[in-house]
Every structure is written in C-alpha cells, then in structure tokens.
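Student: Please take me through one part of this model in close detail. I would like the local contacts first, then the surroundings.

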Amino acid sequence: MLVDEGRVRIPAGALVDLMCWEHDQMRRLELAFKAQDREFDDVPFMPALHPAGTRISYRQGYLWHGPDRARVFTPQAVAAAGAQQMIDPRLHPLRAERLVALGAARALGLLPPTSVLAGWAESVASDLSEGEFDAGTWADYYHDLSVCFARNGEELKGREIVLTVDGKRVPAGDPGLFFRRSEGPSTALPALPPGLAKGISFVHMEIAWTGRRTSRRSRGRTWLEEQGLVRDYSPQALLAVLGDTMRKVREDDEALREHLLFACDLWASSLDRHSKRPVIKGLLVPGRKGWVLATEAMFGEGWSGGHGGIDRTLARFLDCTEAVSRALVAAADRVVRPAQDICAGTRTDTQILRRFLEQQGVRHGLLPTYAPTFQAVKGQHLNHPSVFPGLWALNLDPDERAQWQSTAQSWPKRRDDLFQTVEYRPTRRRVAMLPGQREYAAFDEESRRLYAELIVDGLDNWVPEALEFRFAGGSDQKGTPWPTPLAAFLSRAPWIPQTGDDEGAPAFTTAGQAWWWASAEAPPAFLTVASAALRRRQSDRVLKRLEVLDVRRWDDAGTAADRLRHLPALLRRMPRLRQGRLGHLLRRAYEQAWADLLPADGFGSGWRSGILPELLVSRVGTLGVLAAEPESGSEPVYVADIRGTQQRRLLEQAPLPVLPVDDRALGQRVHEHLEAQGRFVIRPTSEAELDVRVDQLPMADAPRVPLFTLAGPWLETLMVALVEFDEERSSRARVPVAHRVRQRLRSCGVVVARTAVTHIAGHSVDASGDDRSLLHDDPDEPRLVVVCARQCSDWHALEVAATALSTLIGAPYLSRAVQLAFIELNRLGRTVADVTEGTPPPCSPSRTSVWRRCSPTVPRSAPAAPDPFPCLPASTSPSPRNCNADRRPCTIAASYTTGWSPG
C-alpha cells in the first residue's frame, strides 16, 4: 500500500516477490488487505507494459507474450496501440510462472481470452492504417494473426482488421469483402450496378503476399480465406452479397431491377463443378406493389413454360376473390410481375429469368402462409384431440378449432401416449394455413373451382410441412405428428368439385365423401367423382396425399367396403341404373368391389369391412336393393357357387334376389362372408331346388337313353381333351380330373323333348320356343334334357346340349368351347356316326401327347400334355391318314382351348 501511495519505491520484480506468498499462507495476506478495506485481487502490484512505470492488478491484467516468432502482432505493438491491460512480458520467467500459478489457485487466469485478443488485433490494425503503408508489414501482420487465431478466426468477424484498396479498414467476414486477382475469373465479371458497387470492397492489392518470404506471408492470405474472413471474388461469392445489397436500396425500384437482372446474368454463367447454381439468400423480386422475398413469391400471368396453365389459374382466382379476403390481397401482392415488364429494354432472356427465379424459390400456384408460434400444449390435450385448445397465434374461431380437432383425431401415426403433464411445442415454430381458407364460404362457384385446382396443384408441390408438423417436448423429442390447419380445412371443408349424372350429389363435397377416379379412362356415367379439371393434375404424390386426407380412390382395393355401400345407395337415387348398359356397368362395379374386398389370396380388407346395411341384388335381370330389415330378412339371397352354374342361370329368370356376382369362386367367398355377418339369409345357387317336366311328364317318367347313344364314345375323348388343354387351367379355382369326367359321362342319360317346364326354387321359368339344354343333376343318374321345339339333326342336338354337358363334367366355363367343337365337327361334313365309327375303342392306359404323335395336323412345337382320354393300344401302329381321322376330336379340342388351329 505504501508503494501504491508513492511513499516507498520498490523494484517491480521485488514487489512481485513480496506479493506472491505460498498458497497455504495467502489467507493471512488477504485478511491483512481486508483490514485496510482493500481486496487482494484489486491491488496493482504487477508491472504494466503501457503506460511505462505503471502497475496493474490481478483482476485487470493479462500476461501475453504474443504469437511465436511474431513480427507485427506483438505485446509491444499492442501496447503502442494503446492497450493498458498487459503485464510487462519482460518480467523474469520464474516470477511470471509464480504469478500464473497464484492466479490459477485463485481462479483468476492471466491469459487473455480470444475476445480480448481480437480487440487488440483491431487496435494494431488501426495503428498500422494510420501510418505509412508498408506492404510487407501488413502481410506479416496477417501471418501473425493466422498463428494466434489458427482455428478460431471467427472471433475476428466484425472486427475492422482488413485494409482495402482505398486505405480504409473494413470488418472481416463482411459479405461484400473480396480478394481481387489480377488474373482469373474475377477479371471477366461484368461491371457492377452502381448500388451494388457501393457495397463491394477489395483487399489492398499491394500487400506483399508473395516475395522472398512467400511461404510465411502467403499463409496469411490462405488463412483469411479458410476462416471465411475474406472471399475470392467470383460469381458465386458475388451472388451471395446481392440479397443484402438489395435490402439497402429497397425503395429504389430501378436499382432493384438492375440488381435482379445482374444476378440473373451472373447466375446463368456460374455453374459450379457439380452443375449446381447458387441460391441467393434474401433475393427480392418485383411484386404487384413492391419487392418481396423470392421464397414467398408466386408466378402469375405473363410467364412461359410448362406451368403457364396454373399461373393463369392463380391470376384468375385472385382477380375473383380479392374483395373477399385480406389474406388473398396479400397473396396477390406477392405475385411476380410479367417477365416482359421486368426485362424491358434489356437483353435478358425471359426463359432464363424464369428458370433463375424458379431456382431461387419463386413458385407456381398458390403458396401456404406460415404463422409463427411456439405455444406449449400439455401432452394430455394432444392425447385427446377433442380437448385440444388450438394455438392462440392463429386466432381460430370455434368451428375452425372443431375442424382441426376432428382431423387430428384420425391423423395417421398420431400418438396418444404422450406424457400427460409435459409441455409440447411445435418443433418448426410455425404452422401452415392457406390464403382464403377462412373465407371459403364466401367464394362463388367459379372461385371455388379455381381454388380446388390450385389446391390439387399444391398437393403435388407443397413441402410436407404444409400438411403436417410435429409437437415435441421435454425428453420426448420424437413427439407426435399433427395436422396443420391447412390439412384440417382440406379434410373437412367441401372444396372438391364433382362431376357425374347423379342429380342428388352436391356440386362440392368433402374429402371423406368424394370419390377419385385415377384411371386414364373416363369414369362410368353413373359414378360421381372429382372433376376432370382436378384429375388432370394428379400424380403419385397427389394420390398419396389425397389418401392421407381420406379421399377415396375408386380403383383402390382398400375402398371396397365403401363401394359396396355406395353402389346400392346410388341405385336408390338413380332408378334408371336398374337395367340396360348402365345397369350392366353397375353390376360389374359391384362384383369388382367384392373381388377387392375378398381376394382369392385371403389378404383383403374383408375383416374390417363392417356390417353391410343393404345389398345390391338382381331380380329377373333388373337390379334392386335389399335392406337388412326384419321384414325382408326371411327372403333368401342366392349367391353363385362352384356347383350352381345352371341354377344361377335359371334364378336370373325368376323373381328371386340374386347377388350380381358371376365369378363362382368369388361367390363362394361372398357367401361365407355374408353368412358370418348374419344380417341376411344367404344361400348358394346350387341349393336352389330344381324341378323339370319334360313333354308334360315328370323327369323320372321321361324316356331316356345313354349319352353315348346320342354322341358315341368319341365324346369322352373330346370332353377330357377340352378340360386338359384349357389354356386357363392353372387359374381355375377348381378343375375336374379325367376319371371324374369319364365317370360322369358314362353314367349320364339323355332325354330329348319338344317341350320342358322348369321350376327353380318354387318359381316357374317359361322358355317356350327356345332350344335349350338342362341338367337334372342326380348324384347317381344324372340326366341331360335337350329341348328342341322342332325336328333337328344330331349335331344341332349336341350343340344345344353343350351348356348342360359342360355343367355335367363340372366345367361350365367350357360351354362355349364345347359348342364350337361340335360346330367344327359338323362343318367337316361328317355325321355323328362317322365320328363314332372312326374312333378306336377306349383303353385304360394313358400315354403322354398321343394327339401330337398320331395327328400330322398338329405342329411338333405344340405343348406336351398328359393324355388322360382313351388312346390307341400300344400295339397299334396306324397309318398317318387313319391316325389323323382317329384323333380329329382331340385336334379340334386343342384348337378351341389353346388357340391353335388345325391345318
């Protein structure tokens, strides 16, 4: 204290020795100073470098020796620049070591932090700039900084340490600060617009980065670039400055236009090695009333390219709705002016300008807006969306909040097991809304249709954040997905225009009630679907997002249950669909819905289809609806099955409800499904009681003959061959085996009559005057009834019997092939007896591909197949001519089942 008061003079080193006690004794020294109302850390006892002869305390002083082998950025240079916190580095090393150890013990480091060093570096640069310029000194200065701030050069950003060509200092890291090379790409850059030139600075070009000390001094320049303190002058670097520069001249429209066109020209010539052009942060583009950020702007009319249609749609929509919504007025202000207006009087190509703006973030179509919010919501409110309070920043009315809650309730992958008391917040701190969604009810019909087109286009182009954001909080950083208000509007508002013949359908409907037709073919006339203007804009992404919004796609197997409910309701509203071409289309659509619900592989959605309240049925070829009500529950509904093909055809002629499903295998699955639900009485068609009276006689009393009396044993060969050579055999649900076919044919009798009266399930089927065939399917003695009203030939009788024959062998799908085979045999001019006499006697052994080996009319490349029908004895070696005649039924069978024609 005496030294501090100037009453005693002690050498600087001795004073340091006097104050540096042993660590365990320092407490006594502190108490002594406290007794004098002084703090030890505030006592100035260490010699200061500047001003000379002064002292500095622990709390204020720093001990720094400068970078290794420094020439400019030294303690002496720092002191000369006016820094007063520096302890004299000439202090003896042992004394300096004791000072550092004592400071460490007291948690008072003597080494200066980087922020203090950065301030000293700025002071030294200021001192150097005020003197005469020395190229070598400045190069050495930057080298010293590269050693002192080798890895933390960012501490110097904002510090005025860089000397420019006009002798001024500018902040390091300034976006407009560059090295300018005397040779290279920077020399070929175009002249800068006046406003941009004011924001550009170049490092003093005479600094001696090269020379005798090249390796030392060039390190300083390299370090400045590596740390991002100065950039090389290039198109990419210059483009990064444009956004900041444009904001500085925001009120000057012509200057902004010059900047934009300069940026476009520079961008067009600035491909990097990865063929990627840079994005300009903060770029402004001309809107209707001023300049707006490119990332918030939209194209309007006056721009060419593949998106011209949606650009014109946006312009028409905004013209129609500006008076309705302030949000849409703001959106109209963000529409970019026409290309010709921007490029007028310049050489800039409008196509290049469009591509430039697209790459900079200007978008086609209507863009969502984002409301900033970081409001907390308790996990218990997110687990139960019905009590979700909403976000106050959006200022939603009760209806909008209810719409949001309802959408969140069924949102995909939403979690309901969040921590009850944890506060969750939007992770992106903003949520999306669509301009105009809050005023949608005030739109006229034309505006709504244009709005729908813009929405579908947006579904193809909007970022995922437009439809979904995420709540996270506490340790639960995964949180839960949540729909945006935009997604809630699209899920619940009637924004989808419909087209179709259903006069009862509304012009616009909600996502959950709409049907989407994704096929390139036109939808059936009876179906009301989203309008063609919307469907033209569909893509895979659109279809996927529409599915998230609960829009049902007609050709999606997952909507089968909805289709089974929709089609009967549609028939109630449109009675004209009961018959005719539209009725046929309706039947096919209904069967396809069942096929999608109950596929053969068993992986359909039938288990979650729910109870069907009504069925679509056919009565005498006319469609109707059968409700699951007690008074109608006793009436059975017949469903096609494998064994009931004949009964199905007869039931279609009776006033009984038949499910319009032709696929017998599918009918069997439908039967099981409806029977399990228990709402309808379901019967397979094979259980419908069939009674036939032939020429006014009961079937049991009608005269009959064995089947082979009418056709002969060759019929067995033909029928087995037709089954075996069926090209769709592998896809059939059930195929009769050869021995079962033979057994049925050999046990069957034939009744040929002029008239027959058929009763099916107690109803008479009148088909007088028609030639037809029926099967009276007794398990032991099946009978074919062939009804020919007039005298007919044997071949005609066989052609009439084709349907019953195919049903007899369990292959009703072959009825057409059987009939064609008989017609072909008749065309050859042979009688039934001729074919019979030319066919060899049956034998039990079967051989492979006999028809190939015995018939010269069959090509050698025809596929081989087992020969389950009677064949020639192994000892027989017929001539080619005889073999050809003998195998004619097989050859014809092959031609009508495989598509191969005999020569």
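Tutor: At the start of α12, a side-chain oxygen of Ser325 comes to within 3.1 Å of the backbone nitrogen of Ala327. Bear in mind that this is a predicted model. Helix α12 itself covers residues 326–333. Its buried residues are Leu328, Ala331, Ala332 and Asp333. An α-helix has 3.6 residues a turn, so residues three or four places apart point the same way. The cover over the buried residues of α12 includes strand β9 (291–293) and helix α11 (308–321).

Now a loop residue. Leu394 sits in the loop between α15 (379–383) and α16 (398–409). Its relative accessibility is 4%, so Leu394 counts as buried; the cut-off is under 20%. Beyond its neighbours within four places in sequence, Leu394 is in contact with Ala371, Trp404, Val431, Met433, Arg438 and Pro485. Ala432 lies 38 residues from Leu394 in sequence. The C-alpha atoms of Leu394 and Ala432 are 9.8 Å apart.

Last, a sheet. Three strands form an open sheet, ordered β17-β16-β19, with antiparallel pairing. Strands β17 (508–509) and β19 (529–530) are at the edges; each has a single partner strand, so one side of each lacks a neighbour in the sheet. Strand β16 (residues 496–499) is joined to β17 by two bridges. Pro497 has Phe508 of β17 as its bridge partner.

How values were computed. Residues numbered from 1 in each chain as written. Predicted model: local features only at pLDDT ≥ 70, side-chain atom pairs only at ≥ 80, totals over all residues. Heavy atoms only, no water. Pairing = 2+ DSSP bridges. Helix = DSSP H or I, 4+ residues; strand = E, 2+ residues; numbered from the N terminus. Buried < 20%, exposed > 50% of the residue type's maximum accessible area, 1.4 Å probe, protein only. Contact = heavy atoms within 4.5 Å. Polar contact = N/O pair within 3.5 Å; in protein donor to acceptor, adjacent residues only side chain to side chain.
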